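This report walks through one protein model for a reader who meets it here for the first time. Please keep the sequence and the structure in view while reading.

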Amino acid sequence: MGTRSLTKVIETWEDKSGKKQRKPITCMYRQYDGYLEGHGQELAEWLSGYTLVNGIPSDKSEPMFNGMDCLAAQMFAHFKDGAGGIYCMHPDTDDCWEEYLYEISEGDDGILLTVYEIGHESGAAEIFHGTPEELLTKIEEHVEN
């Protein structure tokens, strides 16, 4: 039986009044291994190897995402391998019987991940918010205990 998950790439910005706005760019549905030690770890390992930039520098030696749209496109290129398993969903998708929701957004210091555990009777509970590196540390500590 699969552990389903959704991964959303979220664009954030401040409007003219200074209020923070959020808009999902895309949503990736994963049919199996959606738990923290599966998809969460794979996602955090992949994201931790990249820098988020605004404009591609002439020195392209470092792995980078040129904004959140670029990150969204590279996410599918990284995770999709043949038919099935990974699907591109409408950005507003929120009910695929997923057990985990991962949100990737931009923070002041780079990429942020927020992870929710979904209880279909009780709704979503945030279980993590921080950098990909911090999620890897949390997973490592959880596995050791």
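How many residues does helix H3 have, and how far does it reach from its first C-alpha to its last? Helix H3 (residues 132–144) has 13 residues and reaches 19 Å between these two atoms, close to the 18 Å expected at 1.5 Å a residue; the expected span is 1.5 Å times one less than the number of residues. Helices (H or I, at least four residues) and strands (E, at least two) are DSSP runs, numbered from the N terminus. The model is a predicted one, in which local features need pLDDT of at least 70 and side-chain atom pairs count only at pLDDT 80 or more, while totals for chains, interfaces and linings use all residues. Residues are numbered from 1 along each chain as its sequence is written, and side-chain values use heavy atoms, with hydrogens and water left out.

**The helices**

In H3, the residues Pro-132, Leu-135 and Ile-139 are buried, where buried means under 20% relative accessible area, exposed over 50%, and partly exposed in between (1.4 Å probe, protein chains only). Seen down the axis of H3, its buried residues fall within an arc of 55 degrees, so they line one face of the helix; the arc is that of the directions from the helix axis to the C-beta atoms. Glu-140 and Glu-144, on the other side of H3, are exposed. An α-helix has 3.6 residues a turn, so residues three or four places apart point the same way. The buried residues of H3 pack against helix H1 (36–48), strand S7 (110–119) and strand S8 (123–130), with contact taken as heavy atoms within 4.5 Å.

Helix H2 (residues 68–79) shows its own buried side, made up of Met-68, Leu-71, Ala-72, Met-75, Phe-76 and Phe-79. These residues cover an arc of only 135 degrees around the axis, which puts them on the same side of H2. The face of H2 turned away from that side carries the exposed residues Asp-69, Ala-73 and Ala-77.

| Helix | Residues in helix | First to last C-alpha | Expected span |
|---|---|---|---|
| H2 | 12 residues | 16 Å | 16 Å |
| H3 | 13 residues | 19 Å | 18 Å |

**The sheet**

The model also holds an open sheet of six strands in the order S5-S2-S1-S6-S7-S8, with mixed pairing; two strands are said to pair if DSSP finds at least two bridges between them. Strand S5 (86–89) and S8 are the edge strands, each pairing on one side only. Neighbouring strands of this sheet are turned by 25 degrees against each other on average, direction ignored. Axes are lines fitted to C-alpha atoms, for helices over the stretch in contact, and angles run from 0 to 180 degrees between N-to-C directions.

S6 and S7 form a hairpin with two residues between them, and these strands pair in the antiparallel sense over eight bridges, with Ser-105 standing opposite Leu-112 in S7. Helix H1 lies across strand S1 (5–14), strand S2 (20–30), strand S6 (100–107), S7 and S8, running at about 20 degrees to S6. Helix H2 packs on the sheet as well, touching S1, S2, S5, S6 and S7, and its direction makes about 10 degrees with that of S2.

Is Trp-13 buried or partly exposed? Trp-13, which lies in strand S1, counts as partly exposed at 37% relative accessibility. Not counting residues up to four places away in sequence, Trp-13 touches Lys-19, Lys-20, Gln-21, Arg-22 and Lys-23.
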